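Q: Pick out the pocket lining for me and go through it slowly, please. I'd like one connected answer, with the cut-offs spelled out as you go.

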Amino acid sequence: MPMIREAIVTTAGPLGAPHIAPLGLIAEGAHWVLAPFHPSTTLENLRLTPFAVANFTDDVRVFAGCLTGRRDWPLAPSEVVSVPRLRACLAHLELAVIETHEDALRPRFVCRVVHRAAHAPFEGFNRAQAAVIEAAVLVSRLNLLPRAEIETELNRLAVAVGKTAGEREAEAFGWLVEKAARFFAGEAEEAPDGRHSGN
Ligand SMILES: Cc1cc2nc3c(=O)[nH]c(=O)nc-3n(C[C@H](O)[C@H](O)[C@H](O)COP(=O)(O)O)c2cc1C
């Protein structure tokens with residue numbers, strides 16, 4: 001299995017409108033592969049403008065925010081590509097797409113690093129940050145995974161958050177738990193006989 005780094009990926013849409021989304025960067029030798037699922041704005045943007053920025057941040061509110069309708073994080077111009085970067089990232093990679101492998105479900109964009117920069121020190125691992133990333137992945141799959149699996153996992157992740165979170169991590173986790181709860185409450189209303197579309 002290739003190594004994957006979780007990043008906030010910036011892309012540019014029509015008229016250069018920036019879009020940010022959490023995405024895995026898949027290691028492939030010296031290159032990174034972006035593999036956005038169909039349908040997604042990131043996918044459409046990469047077809048339109050074959051450049052992206054991978055932003056590495058320890059502010060996990062950005063991951064949780066993107067999945068809960070809070071995408072308005074401050075951006076700054078990049079050095080080489082026309083796509084902006086996240087202003088508060090610790091480091092970023094500016095990427096140019098050099099190959100596209102089409103796939104009905106998940107096309108792969110092979111990217112070359114055209115610029116890299118570090119902006120702030122990495123301050124060490126925090127279990128609550130890792131837990132928020134895991135919770136964000138679960139919340140990005142509310143339609144796909146069984147409800148019981150999501151709830152069990154969120155309860156397990158809440159332990160690390162309870163023990164190790166700072167304010168940012170606690171807030172981010174709260175957004176995700178709220179989104180999952182709303183999703184399942186909506187499902188329950190739609191299926192009064194107890195069936196859940198996610199199961
Ligand atoms: C940590 C993390 C990694 C993710 N990696 C991917 C990925 O590699 N490909 C993908 O399509 N979605 C991924 N997602 C889900 C997307 O962020 C989410 O579906 C997003 O809304 C993309 O759609 P958009 O480009 O339309 O905003 C990931 C989510 C999280 C939290």
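A: First, the naming: helices are DSSP runs of H or I with at least four residues, strands are runs of E with at least two, and both are numbered from the N terminus. This is a predicted model, in which local features need pLDDT of at least 70 and side-chain atom pairs count only at pLDDT 80 or more, while totals for chains, interfaces and linings use all residues. Residues are numbered from 1 along each chain as its sequence is written, and side-chain values use heavy atoms, with hydrogens and water left out.

Some background on the chain, then. It has 5 helices and 8 strands, in the order β-β-β-α-β-α-β-β-β-β-α-α-α. Its radius of gyration is 18 Å, close to the 16 Å from the globule rule for 199 residues, so the chain is as compact as a globular protein of that length. That radius is taken over C-alpha atoms, and the rule is 2.2 Å times the number of residues to the power 0.38.

Now the pockets. On a 1 Å grid over the protein atoms alone, a pocket is an open set of points with protein on both sides within 12 Å along at least five of seven lines, whereas a cavity is a set where a 1.4 Å probe fits but cannot get out; lining residues have an atom within 4 Å of a point. Points are joined across faces, edges and corners, and the volume is the space filled by probe spheres set on them.

The largest pocket comes out at about 1200 Å³. Its lining has 35 residues, with Pro 22, Leu 23, Phe 37, Leu 67 and Ser 140 nearest the centre. E1 (4-12), E2 (18-28), H1 (41-48), H2 (61-67), H3 (127-139) and H5 (167-190) each put at least two residues into that lining, and E2 gives the largest share, 6 residues. By type, the lining splits into 21 nonpolar, 8 polar and 6 charged. Here Ala, Val, Leu, Ile, Met, Phe, Trp, Tyr, Cys and Pro count as nonpolar, Asp, Glu, Lys and Arg as charged, and the others, Gly among them, as polar. Domain 1 (4-118) and domain 2 (127-190) each supply at least three residues; those bounds come from an automatic or database domain assignment.

For contrast, the second largest pocket has about 590 Å³. It is lined by 17 residues, and Glu 6, Thr 57, Asp 58, Phe 122 and Phe 125 lie nearest its centre. E1 and H3 are the elements giving two or more residues here, and the largest share, 4 residues, is from H3. This lining divides into 9 nonpolar, 4 polar and 4 charged, and it too takes at least three residues from each of domain 1 and domain 2.

Leu 15 counts as exposed because its relative accessibility is 92%; exposed means over 50% relative accessible area, buried under 20%, and partly exposed in between (1.4 Å probe, protein chains only).
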